[in-house]
Amino acid sequence: MIFNSVEFFIFLAVTYLLYRILPFRGQNLMLLVASYVFYGWWDERFLFLIVLSTVIDFCCGLMIDKGELTRRERWFPSGYILLAAFFFVTVRWNGMELMTQPLALSGQWSQLLPRDGSGWLVFLGMGGVVALANFFYPRLAALEVAKRRSLFLFISLFSNLGILGFFKYFNFFIDSAETTIQTLGMSAAFWHLDIVLPVGISFYTFQTMSYTIDIYRRQMPATNRFLDFALFVSFFPQLVAGPIERASKLLPCLLQPRQLSLDQSTRGVYLILFGLFKKVAVADSLAVSVNAIYETQGTVSWLDVVLATFLFAGQIYGDFSGYSDIARGVSKLFGVELMVNFNLPYFAQNPSEFWRRWHISLSTWLRDYLYIPLGGNRYGERRTYQNLMTTMVLGGLWHGAAWHFVLWGFYHGALLCVHRVFTTIFKRKPKMKKNQGFVGSFVAILFFFVFTCYGWLLFRANSLAQVISFTQILILDFGNLALSIPRPTFSGLLGLPILMSYEVIEYYAGHQYFYRRSPAMMRGLLYAILTILIVMGTSNEPAQFIYFQF
């Protein structure tokens, strides 16, 4: 189920109506069920993994904070994970048929029974793990405080990263070690597993890890309300592609009754509308032109590569920031405020500023939970550069199990290091500091945008071979104006300059200018244009949100 689908808006309407008539506890339970329906729409087996992460981090959080679990805090999660293993892995559901034709299954319940032994194996294996965990609980609870806290933090991190690593990177590492495997007389193909990557696993894994880490740092207490914690992990507006919320911010909002205001709801609808415009009218239109060049097997020119890469910069921004806008807008309808994930990133004048504006929830997560723990800038310049490169390379790998993502992370790490070198020089020589003014800022923005776009080439490429090929074209075929890239659809041709103009006005006139301070007639005209372009954009070939693959 994706945000720009009819199914989602039917789902949202039903969820919102139920939310408005239920009391607080009923609201949270209903949102949890709705979140599971939303996530299980792709594949019900994915739900077992998110429940597994929920149970592990709930128990680890309490053990880190309090050092003990009540009987209810032990047995309720134990039963919850066993039921999840049975219903989401052992039983074979057809989610779409169950939701659209519930009566069709009434006389065919035998179809829900397991078709092979793998589901029972998972169920019995999980039963064994639960039994062992409860058996060893008294011994683990009796550990000295420091050891217990460290042990359960390790269990949380190892479990989450282990699940993420297996499903996302197992085959990647097998491919990378293919030469070594062949020298041992084995075939790398033998080790390949038919693994389906769960949608959004990187996002909710980082979100749940922040919970146990913050408890370990004593920055927040653990919660003993399991179902509310399960809602924090699976809250559907931001589950699949962020923003990656911190437990210290989102969890308290879910633990207490929420008050809805007209302004909050109106702002939510506005964000949903604008997010759909970015995705449907702009991003999906530009995708046609971008894919024609990056998916081609034929010859492309210098101008083809340049235009396709510039258009991809617009596509990925419209696609990802559009998703974030819709996620924030939907959350506002339920009285929940999510963090701003984008802040006019293409107006950045340097790499440091770019990462304060682009995918803010990820960049701040990497800063707080990776860069700073590695030492940050506290141990000299050489260590600082190492930490920057390590953080960005791992950030690139987070985006996908492919070497071109690693190269993209390395590239941005190198930009940050070079920028830091020049910043250090300027600090040592005060005379070199000058007020840029409008022209200087404009040139700096354009200059860095070119560097950003080459980074998008690394990101969008299908392989390292394509990175090398397109880079050679940019250098050796410079100035070749032969053109084979198809023109974007009309919604994109009109929507892209409207989006650019909107961003420029927001940059210079201030955030929320159109929503807060522009004349009513101008707002009405903007809403009408956005709606028309969204309707026109529905004729574009629908494309899945880019960040769903991460």
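Let's start inside helix α18, where T384, N387, L388, M389, T391, M392, G395, G396, L397, W398 and H399 are buried. Buried here means under 20% relative accessible area, exposed means over 50%, and partly exposed is in between, with a 1.4 Å probe and protein chains only. Helices are DSSP runs of H or I with at least four residues, strands are runs of E with at least two, and both are numbered from the N terminus.

A word on where this comes from: it is a predicted model, in which local features need pLDDT of at least 70 and side-chain atom pairs count only at pLDDT 80 or more, while totals for chains, interfaces and linings use all residues. Residues are numbered from 1 along each chain as its sequence is written, and side-chain values use heavy atoms, with hydrogens and water left out.

Back to α18, which covers residues 381–399. How far apart should its ends be? The expected span is 1.5 Å times one less than the number of residues. For the 19 residues of α18 that gives 27 Å, and the end C-alpha atoms are 27 Å apart, which agrees.

Now the whole chain. There are 24 helices and 0 strands. Of the 550 residues, 52% count as buried. Contact means heavy atoms within 4.5 Å. Taking contacts between residues at least 6 apart in sequence, 77% join residues at least 24 apart.

Next, please find helix α11, residues 226–234. Here 8 of the 9 residues are buried, so α11 is largely enclosed by the rest of the structure. The buried ones are F226, D228, F229, A230, L231, F232, V233 and S234. What covers them? The cover includes α2 (24–40), α3 (46–65), α4 (71–90), α10, α12 (236–239) and α13 (247–255).

In the loop between α10 and α11 sits R225. With a relative accessible area of 29%, R225 is partly exposed. Leaving out residues up to four places away in sequence, R225 touches F24, R25, F58 and L255. R225 and L255 are 30 residues apart in sequence, and their C-alpha atoms are 8.3 Å apart in space.

R218 is found in that loop between α10 and α11 too. R218 is exposed, at 61% relative accessible area. Its phi is near 65°, a positive value in a residue other than glycine. Most residues other than glycine have a negative phi. L344 also has a positive phi, of about 50°, although it is not a glycine. Is L344 buried or exposed? At 6% relative accessibility, L344 counts as buried, and its place is the loop between α15 and α16 (351–354).

On to the aromatic rings. Rings of Phe, Tyr and Trp (for Trp, the six-membered ring) pair if their centres lie within 6.5 Å; planes under 30 degrees apart count as stacked, over 60 as edge-to-face, and the rest as tilted. The whole structure has 68 aromatic pairs. One of them joins F206 and W365, with ring centres 3.9 Å apart and planes at 15°, so the pair is stacked. F206 lies in α10 (residues 201–216) and W365 in α17 (residues 360–374), so the pair ties together parts that are 159 residues apart in sequence. Both F206 and W365 are buried. A tilted pair is formed by F235 and F236, at 6.2 Å centre to centre and 55° between the planes. F235 and F236 are buried as well.

Let's stay with W365 for a moment. Its relative accessibility is 4%. Not counting residues up to four places away in sequence, W365 touches F206, M209, S210, I244, R246 and L370. W365 and E245 are 120 residues apart in sequence but 9.1 Å apart in space, C-alpha to C-alpha.

My last stop is a helix pair. Axes are lines fitted to C-alpha atoms, for helices over the stretch in contact, and angles run from 0 to 180 degrees between N-to-C directions. Helix α20 (residues 437–460) and helix α21 (residues 464–476) pack at about 145°, with axes 9 Å apart. The contact is made by Y454, L457 and L458 of α20 and by V467, F470, T471 and L474 of α21.

L457 has another partner to look at. Apart from neighbours within four places in sequence, T309 is in contact with Y294, C453 and L457. T309 is in helix α15 (residues 302–333), and T309 is buried at 6%.
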